[in-house]
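Grab a viewer and work through these exercises one at a time. Each comes with a solution that goes step by step.

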Amino acid sequence: RLIKSDGTNQDINKPEPKTKVKVETNQISLFGATEEEEEPKELKEKDTINSVVHDYYLIEGKEQRAELIEYLMAQDEICFDTETTDVDAVDAEIVGLSFAYRAKEAYYVPCPPRFEEAKAVLEEFRPVFENEKIMKIAQNLKYDLTILSSYGIELKGELYDTMLAHYIVEPEQRHGMDYLAMNYLNYEPVSIETLIGAKGKKQGNMRDVPLEAIKEYAAEDADITLQLKTILDKELKKTNQEKLLYEVEVPLVSVLSSMEREGVKLDVHALQELSDTLQKDLVKTQSEIFEIAGMEFNVGSPKQLGEILFEQMKIDDKPKKTPTGQYATGEDVLSNYEAEHQIVKKILDFRELSKLKSTYVEALPQLISKKTGRIHTSYNQAVTATGRLSSTNPNLQNIPIRTERGREIRKAF
């Protein structure tokens, strides 16, 4: 028998009678820009954790963990989720685990803050994670797989990722759990912002959240993901796409996780030298621009640049303007004048040099992990509708290669 968070006894396999309450909550998402898409369809007032009958249990102590493990080992499939201190899986530390194997019932296992103590708790669950007869279900499986790998735990057996399943079914939509829950279950999950605050420098982390609150949040994640799996399975079967999930997308998860954990070495010294070179190039190019214009101005100011090009130098009698009435000086506009006006070519060169310096040469070293001394980009399977991989934090695919200076940046990897 398990001890519930209110101190009462509860059989792990026989939930006690439940009561219903109603409250309103909000919802969120994760680090990195996302494309704007249509909102989930408005059907009726959405359910929340406060309006739906559920049994979420806090599992504390070795005895309770052993009892939970016994039940997990008896299942054909289980859903799990990891709660951590960071969205970056390589630098994150585990805070707790949640499990679900039936709808509206889930379990949260807190982990100690010390690495070795947390590892000891995870070690107890090794027979579950490495049991090849049990299917493991997760939302964004790669993240959880990477977290467990950091503690020496390997996932074995058949795997299922609800994020990837939905990506196959609806590649042009969003695939976050909150979005899927609202779309398929008419359910609005607990917002992480209600626990750790809004995104930004002042945002806390899950270690600071009271145990009862994190228990409800984490258990809900596992419960909702399990419910989504049942629905998405049917959607995959309708279009005969199970093979694509099980034989292509899911096997790729462990490969990408390994690549991310391995990381990429970066020659910081070479980038520092390149930064100095780019700065000299910028000063030289800016001087040439001033000489052609016959005056000094802020080359980085679209307003000042427009006035110089179209009022002082009059390179076009009918220049394009923005909706606010300012002269348009975007690259797409200026490239039309590049062949005839040397100053425009120099301005575009200046912009290219500035971008290389700020976006890559100076930014890349800031992304090196303090733990490993390497850059650990994220390889995303469920972002582009075309099916190709994308890379974020940093986007390695966007590092220039056509220019000489761009190729020098690539040499630093």
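A residue counts as buried when its relative accessible area is under 20%, as exposed when that area is over 50%, and as partly exposed in between. Keep in mind that this is a predicted model.

**Exercise 1. Decide how far to trust the model, and say which stretches have pLDDT below 50.**

Step 1: start with the chain as a whole. Its mean pLDDT is 88, with 90% of the residues at 70 or more.

Step 2: get the overall picture. The chain has 413 residues, 46% of them buried, and holds 14 helices and ten strands. Take the contacts between residues at least 6 apart in sequence: 67% of them join residues at least 24 apart.

**Exercise 2. Is K229 buried or exposed, and which ring does it lie over?**

Step 1: K229 sits in helix α8.

Step 2: apply the cut-off. K229 has a relative accessible area of 7%, so it is buried.

Step 3: Beyond four places in sequence, K229 contacts E77, M135, I137, Y160 and T162.

Step 4: pick out the ring. K229 lies over the face of Y160, 5.1 Å from the ring centre.

**Exercise 3. Classify the aromatic pairs F115–Y151 and F310–Y327.**

Step 1: A pair of aromatic rings is described by the distance of the centres and the angle of the planes.

Step 2: do F115 and Y151. Their centres are 4.8 Å apart with 20° between the planes; the pair is stacked because that angle is under 30 degrees. F115 belongs to helix α2 (residues 115-124), while Y151 is in the loop between α4 and β8, 36 residues apart from F115.

Step 3: check the exposure of both partners. F115 has 39% relative accessibility, so it is partly exposed. Y151 comes in at 3%, so it is buried.

Step 4: do F310 and Y327. Here the centres are 5.3 Å apart and the planes make 40°, a tilted pair. F310 is in helix α11 (residues 302-312) and Y327 in the loop between α11 and α12, 17 residues apart.

Step 5: F310 is buried at 5% relative accessibility, and Y327 is buried at 14%.

**Exercise 4. Find which residues touch the most other members of the largest nonpolar core.**

Step 1: count the core. It has 76 residues, and L97, F99, F125 and F129 touch the most other members. Helix α8 supplies the largest share, ten residues.

Step 2: look for ring pairs. F80, F99, F125 and F129 are linked by them into a cluster.

Step 3: zoom in on F99. Beyond four places in sequence, its contacts include F80, F125 and F129, along with A222, L68 and L72.

Step 4: Another core of 37 residues lies apart from it, with L266, L282, I289 and Y337 among its members.

**Exercise 5. Work out where M206 sits and what it touches.**

Step 1: locate M206. It is in the loop between α7 and α8, and at 3% relative accessible area it is buried.

Step 2: list contacts, skipping residues up to four places away. M206 touches E83, T84, V95, I192, L195, I196, I214 and Y217.

Step 3: take one contact further. I196 is ten residues from M206 along the chain, and their C-alpha atoms are 6.8 Å apart.

**Exercise 6. Which residues have a positive phi, and which peptide bond is cis?**

Step 1: K104 lies in the loop between β5 and β6 and is partly exposed at 36% relative accessibility.

Step 2: N186 is in the loop between α6 and α7 and is buried, at 6%.

Step 3: check omega. The bond joining N393 and P394 is cis, with omega about 0°. P394 is in the loop between β10 and α14.

Technical notes. Residues numbered from 1 in each chain as written. Predicted model: local features only at pLDDT ≥ 70, side-chain atom pairs only at ≥ 80, totals over all residues. Heavy atoms only, no water. Phe/Tyr/Trp six-rings, centres within 6.5 Å; stacked < 30°, edge-to-face > 60°. Helix = DSSP H or I, 4+ residues; strand = E, 2+ residues; numbered from the N terminus. Buried < 20%, exposed > 50% of the residue type's maximum accessible area, 1.4 Å probe, protein only. Lys NZ or Arg CZ within 6 Å of the ring centre and 35° of its normal. Core = buried A, V, L, I, M, F, W, Y, C linked by side-chain atoms within 4.5 Å. Contact = heavy atoms within 4.5 Å. pLDDT = per-residue confidence, 0-100.
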